[in-house]
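Please look over the sequence and the 3D structure shown below before reading on. The report that follows treats aromatic rings and then an annotated site.

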Amino acid sequence: MRKKVSQTAYRTHHAHDVTEELIGSTVTISGWVDRRRDHGGVAFIDLRDASGLVQVVINDEDMARPLRSEFVVSVTGAVRLRPEGNENDHLSTGKVEIVADTIDILAKSAALPFQVSTSLENESETQLPSDEVRLKYRYLDLRRPQMHNNLLMRSAMSKAARAVLDEMGFTEVETPTFIKSTPEGARDFLVPSRLNPGSWYALPQSPQLLKQLLMVSGIERYYQLARCYRDEDFRADRQPEFTQLDMEMAFVGQEDVIAMAERVLKDVWAAAGHDIQIPFNRISYKDAMDKYGSDKPDLRFGNEIVELTDYFKNTPFRVFQADYVGAVVYSGAADLPRRQFDGWQEWARQRGAKGLAYVQFGVDGELKGPVAKNLSDEERAGLKAATGAQDGDAVFFAAGAREASQTLLGAARVEIAKREGILKKDEFAFTWVVDFPLFKPVDADDDDVAVGHSKWTSVHHPFTMPSADWLDTFDKDPGNAMSDSYDIVCNGNEIGGGSVRIHRDDIQDRVLNVLGISEEEANDKFGFLLEAFKYGAPPHAGIAFGWDRCASILAGEDSIRDVIAFPKAGGGTDPLTGAPAPISEEQRAETGVDYDPDEDEE
């Protein structure tokens, strides 16, 4: 519940304070005219402030005449019961109203580019414009109750996190946003240094190295709601600048961090009105890929992927003569029209696949579909049992490289659930994904920027500790080496990730060697961290939550933009302020971006 605010020159109460307890009292409230209604000499306005709505009755036509939607007004009047039958059960103030004695117009409003009223009865009038328009007029968009409540909820989340971390002995420390560019997997945003021509700052992708330095400094338990920046392609769940709840602990291992993180999440979810049970389940990275085709599986439903590689080991069907064959069941889809199955082919091609093979099991048990005629009699006879399908179901197949095929089936699994309408936004399925590989092969087509000059890159980052079983041999067999890292997943979204950090020089040197980072390059990029480790670095570990993602899940929003006050649009542009924008020639000259050291020597 919102706390009461002390009186000011403009109000004695907020809207939500005006309840039956104040009947007979004179109050002054200030806010926006949400909606106006005229009824033969009597006018009604719904007055909106940050706390909600209250109805105001105006018996003076001259007083009511100038009022328009979104005018800012201050109203003074007596509180009374609404006439019988006129109550509004949807409002906390719905049993009372204010009879206006005076109304002062504090500010007028121009005609709105789109409607923001919270009390319109005609739903068609509340249809929203394009995202571009919403972002251009974001200050109006935030007046809508959905957006307003998202920000209130996010504030409650942050308060809850700070409270529980303080209880657990953490210290909030702010780390700088002008740092040295270091390899963390994505492109840095760079800022020229005017006083050091030819040199640049980087905006941090995360406070990773700095929080590790805090462990060396003896802080031991640190947290921060950190602003982070990544220059990467725009997606619905990405922003060029974002917030993460960053935490690090000294003298701990993986189990300590997981227990701490679960307690934080429990209190944060409670602040948004949800009771979640801890501890959470765990699944290995391998099982997550094998069963769900994703390292961030959505466990609100079942429908696991079925591997059929051995089943088709002697198949005459050339497509299934592959390193991997898997399948996922689409319940009750056998009778879908052909055009819908054609649509699935296009869906698969948009994800980089050639298509999505399928069969249909008719209600009479008949096997149909393009794949069916290419199978042997034995394969056809046992296919229903092998896939777990029933009469009336369809089955999708993927064949080829294991990871790519599993990923396609994992995406199909989630898309099927969406089309079946079984995904509930107020249901939360958490799991820890553990036992990650330490390295992965460098992919030349990967959007992330690999560091070093090796065929290997880090799955998480170069400062992740190998698992205990691999400490002696990870650099001899990097393709199979495992890490001491962990991700927390909710409803198919990775909402946090962390690891035990390397605190020993010898282990860090060996990891950098696998990554192809020379001693000279390492010292250039993050020598300050390696230098600090020479002076007694404690064992330490940590985790960071994607705060925007957590908020969007709790708010039931599909995009993190709807839980950020002033987000960027596609391509990182800001329709509200016009950023990024050109600068003048004078400004460019001052930045030193055109500095040429060779010319300086001459």
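## Aromatic rings and an annotated site

The charged end of Arg419 sits over the ring of Trp344, 4.2 Å from the ring's centre; here a charge sits over a ring if NZ of Lys or CZ of Arg is within 6 Å of the ring centre and within 35 degrees of the ring normal. Arg413, in turn, lies over the face of Phe301, at 3.9 Å from the ring centre.

This is a predicted model, in which local features need pLDDT of at least 70 and side-chain atom pairs count only at pLDDT 80 or more, while totals for chains, interfaces and linings use all residues. Residues are numbered from 1 along each chain as its sequence is written, and side-chain values use heavy atoms, with hydrogens and water left out.

Trp344 also belongs to one aromatic cluster, which it forms with Tyr330, Phe341, Trp347, Tyr358 and Phe396. The structure holds 21 aromatic pairs, where rings of Phe, Tyr and Trp (its six-membered ring) pair if their centres lie within 6.5 Å, and planes under 30 degrees apart count as stacked, over 60 as edge-to-face and the rest as tilted. Two of these pairs are set out here.

| Pair | Centre to centre | Angle between planes | Kind |
|---|---|---|---|
| Tyr137 and Tyr139 | 6.3 Å | 80 degrees | edge-to-face |
| Phe320 and Phe397 | 5.3 Å | 50 degrees | tilted |

Phe320 lies in the loop between strand 12 (306-307) and strand 13 (324-330), and Phe397 lies in strand 16 (residues 394-400), so the pair ties together parts that are 77 residues apart in sequence; strands (E, at least two residues) are DSSP runs, numbered from the N terminus. Are Phe320 and Phe397 buried or exposed? Both are buried, which means under 20% relative accessible area, whereas exposed means over 50% and partly exposed lies in between (1.4 Å probe, protein chains only). Tyr137 counts as partly exposed because its relative accessibility is 24%, and Tyr139 is partly exposed too, with a relative accessible area of 44%.

The UniProt annotation "binding site", from an unreviewed entry, covers several residues, including Asp231 and Glu232; such annotations may be inferred rather than shown by experiment, and their positions are given in the numbering used here, with feature names shortened. Asp231 lies in the loop between strand 9 (221-229) and strand 10 (241-250), and Glu232 lies in the loop between strand 9 and strand 10 as well. Asp231 counts as partly exposed at 33% relative accessibility, and Glu232 counts as partly exposed at 23%. Leaving aside neighbours within four places in sequence, Asp231 is in contact (heavy atoms within 4.5 Å) with Arg187, Asp188 and Phe189, while Glu232, with residues up to four places away likewise not counted, touches Ala186 and Arg238.

Notes
Helices (H or I, at least four residues) and strands (E, at least two) are DSSP runs, numbered from the N terminus.
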